[in-house]
Structure formats: C-alpha cells, structure tokens
Amino acid sequence: MKHRSAGPLGPLPEFLGQYVAAEGHVPDGIDVVPFFTPAGDKMWLVCDYALARRVLTDRRFSRAEAVAPQAPKLNDAQPVPNSMMSMDGADHSRLRRVVTKAFTTGRTAAMAPAVEELADRHLDALEASGPGTDLIEALVAPLPLAVLCSLLGVPPEDATRFRDWVEVLFDISASTPQEKARRRLELIDYMADLIDRKRRRPQDDLLTSMIAAHEQGDLSMGELLTMGLTLLMAGYETVVGQLGLSVHALLHDPAAYGEVCGQPDRLAPTVEELLRLTPSTPISFPRVAVEPVPLGSVTVQAGEGVIVSLLHGNRDGRTFPEPGLLDPQGRDAAHLTFGHGVHRCLGAPLARLQLQIVLGRLTRRFPTLRTAAGPDAVVWKDGLGTRGLARLRVEW
C-alpha cells in the first residue's frame, strides 16, 4: 500500500522554493536552472537525479574551489578551507580516514543499546508528563545531542550550550554575519579548551582518538579544531531536523503511522522513504567547476558554482515512480539525502540507527499519537540551510 504525500515541506530558501509546488510536488522536466544566492551570486541548481549523482562524483566540480575567495558564495557561513567538507582528493581522504572507524556499521550497531536506553528514558518522561507535550523539546532535540556528545566525549553538562551556537551557524538569512562570527569564536574557544582537557586526561571517545591522530602528524591543530566543530554541528542539527520531520510526516498520514505501529518489519524501508521525502538538508554544499562541463541543458563554465537540490533529486519521477508518495515497501534506487560519492555523509549509519530506534519505540508505546490541534502546534524553523521544526505539539 502506498500512502499519500508526507505533507508540507515548510519554509525553503527562496531560490529552492520557487521550484516546489504545493504539498512538495516537484515539476517535471527541470534539470539545471540558474539562480541568485542570498549572497547575490549566480549559481546553477541541479534538480535531476542522474545529473545530481554525476555532480556529486565528478572531480571537475570541486569542493575546495568553492571556498576560494573569488568563488561564488551561497551565504556568509561557508565551510572554512581546512574543513574536511572543503577538500578534494588526497587531503579529503586523509582527514576522512581519521574518523571513518567511528562511523562503521559495526561500531554504530554497538551503540544501539545506549541509544535505546536514552530513547526509553525520554519516552518514560514524556509519558509521565501527561497526554500532551512538545515532542521537539521532550525527545527530538535532546536525544541526538546526548548521542553525539557521548560519541565525541563532550561532558553532558555542556550539551545544552551548543543548541544556540549551532543553529546560528547553520542559518542562511536568520542572523547577521557578526552574530555568526561571534558564535563561531565561542565554539572554537570551547573546542580548544575541551581538546586541552582531553589531552591531559585521555578517554575512550572520538575526540581523544582525533587528538592522537594530531600527535602522530595525521592532521594539524587547525584541522583538529575544525573537524571537532564540524562533527558536532553537522551531527546534531541535521539529525534533530530529520527526526522531527520524520515524525511530523508520519503523523500527517495516520495510515502510515498506523502501519508502522502494526507492522514493525516495515520500519526500515519506511525510514528510507522518510529520508527521501523529508531530507533535513535539502541542498548540497556548493561546488565550483574547474573547466567547462556540459550538464543537462546547460554548460557550466569554469569558475561557476553548482548546488545539487537533494530534495528535487529525491522526488525525480524518472527515478522514483509516484515520487511524492511514501512507499512502505521501499524503493529500488538509493535516495540522495546522505549525498553520494566520496563526500557521502559519514554519519549516515548513526542517523539511521537513531531514526529507527526512536520511531520504533515511539510507535510501539504511543499507537494513538497525533498532532495536537491549533495553529501553533507545528512551528517551522526558518532561514536555515537545514530544515526542521521548532515545535511539534502532540497528544495521545
């Protein structure tokens, strides 16, 4: 049984939203279109699934060139040059090797009992609080933050300090460049202090292993700082967004929610469909062409910027029949939510684990869960590069 659309997409950047119709319908026939970024620069937006996969793997589209001073900019919160997300080739591979072992399927599976315990603890508190609550504050935001802090080795008492920092650094238009700069400096100061503490008292966590890699000469101090910040920021905001969007989508279609309640074996393919339909990161990081490249109906010239619309690629009807519908049996093609190629998201196994555990336990314990009545029950975050909910009030 296929269900209807996963519901409204919520606010999107203007350059992306103009190519999305009501209820998330993506018009047919769009492959590559020009647009002007919030920073005022012209770029190309790739909306076709096959072309998206090509851009994400073609070395002629460079991530490193996208952070060069002369490159067209999406906004004023671009990755810094010493970030793993801003590198190509050997430099990217060198930094990726430092953290890859922490995100293997086996290592992630070993974290399942701890994530299950966290989920149960939050759901116990949610149930005890009464028949109505804001699910974002009660479950969706604190759980991924606790998981990530445990993985990295961030003290639990410091966890809540990150929420305001991270959201400002992810926004496209909601805060000023000065505010972003101030929050980034606060994060850098905190991370530098934490690294110093870990160096003096090593522990069994990812940050300690990254410090060891620095001391062995595998990455510089600047790269160590940036990698710690990158993992903390990307691993938190995107998972929080994805969890909230996934629950909202299921509650928007009670038949889909009921099917997960009644047939838990459908959970894994349903999670993949939710990832496809409701990506918390709707666009890729920019890339810049290093030579003229024919791409669909256009030719991207050297020095021009390209962004992939993961949202459009995931809803391309040439790849996904009836693309706006949630198919609980899954799809043959792989979605683009975690990217594609060498820059594919390292944290994909951990994100999937959290989605499956939270949705599995939530549907089992609250089979009558529903979105609360009233216009303020669902509040969307706005002005961010990621998508998510600021509030999701529920009842049962």
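The model is predicted, so local features need pLDDT of at least 70 and side-chain atom pairs count only at pLDDT 80 or more, while totals for chains, interfaces and linings use all residues. Residues are numbered from 1 along each chain as its sequence is written, and side-chain values use heavy atoms, with hydrogens and water left out.

Strands of a sheet pair through backbone hydrogen bonds, either parallel or antiparallel. Here, two strands pair if DSSP finds at least two bridges between them, and the elements themselves are DSSP runs numbered from the N terminus, with helices (H or I) of at least four residues and strands (E) of at least two. Strand S4 (residues 132-134) pairs with strand S11 (residues 389-395) in the antiparallel sense over 3 bridges. Strand S10 (residues 378-380) is also joined to S11 by 3 bridges, again antiparallel, and in S11 the bridge partner of Val 378 is Leu 392. Strand S9 (residues 370-371) runs antiparallel to S11 with 2 bridges, and Thr 371 stands opposite Val 394 there.

Another group of strands forms an open sheet of 5 strands in the order S1-S2-S8-S5-S3, with mixed pairing. Its edge strands, each of which pairs on one side only, are S1 (32-36) and S3 (61-62). S1 is joined by 5 bridges to the antiparallel strand S2 (residues 42-46), where Phe 35 stands opposite Met 43. Helix H2 (residues 49-57) packs on this sheet, touching S1, S2, S3, S5 (287-289) and S8 (305-308), and its direction makes about 125 degrees with that of S8. Contact means heavy atoms within 4.5 Å, while axes are lines fitted to C-alpha atoms, for helices over the stretch in contact, and angles run from 0 to 180 degrees between N-to-C directions.

We can turn next to a pair of helices. H5 and H15 (residues 348-365) pack at an angle of about 40 degrees, with their axes 10 Å apart. The contact includes Ala 112, Val 115 and Leu 123 of H5, and Leu 353, Ile 357 and Arg 361 of H15. The residues of this contact divide into 7 nonpolar, 1 polar and 6 charged, where Ala, Val, Leu, Ile, Met, Phe, Trp, Tyr, Cys and Pro count as nonpolar, Asp, Glu, Lys and Arg as charged, and the others, Gly among them, as polar.

Where is space left between the atoms? On a 1 Å grid over the protein atoms alone, a cavity is a set of points where a 1.4 Å probe fits but cannot get out, whereas a pocket is an open set with protein on both sides within 12 Å along at least five of seven lines, and lining residues have an atom within 4 Å of a point. Grid points are joined across faces, edges and corners, and a volume is the space filled by probe spheres set on the points. The second largest pocket holds about 560 Å³ of space, and among its 23 lining residues Ala 102, Arg 107, Leu 151, Asp 205 and Leu 206 lie nearest its centre. H5 gives the largest share of this lining, 5 residues. The second largest cavity holds about 30 Å³, and helix H11 (residues 221-252) provides the largest share of its lining, 3 residues.
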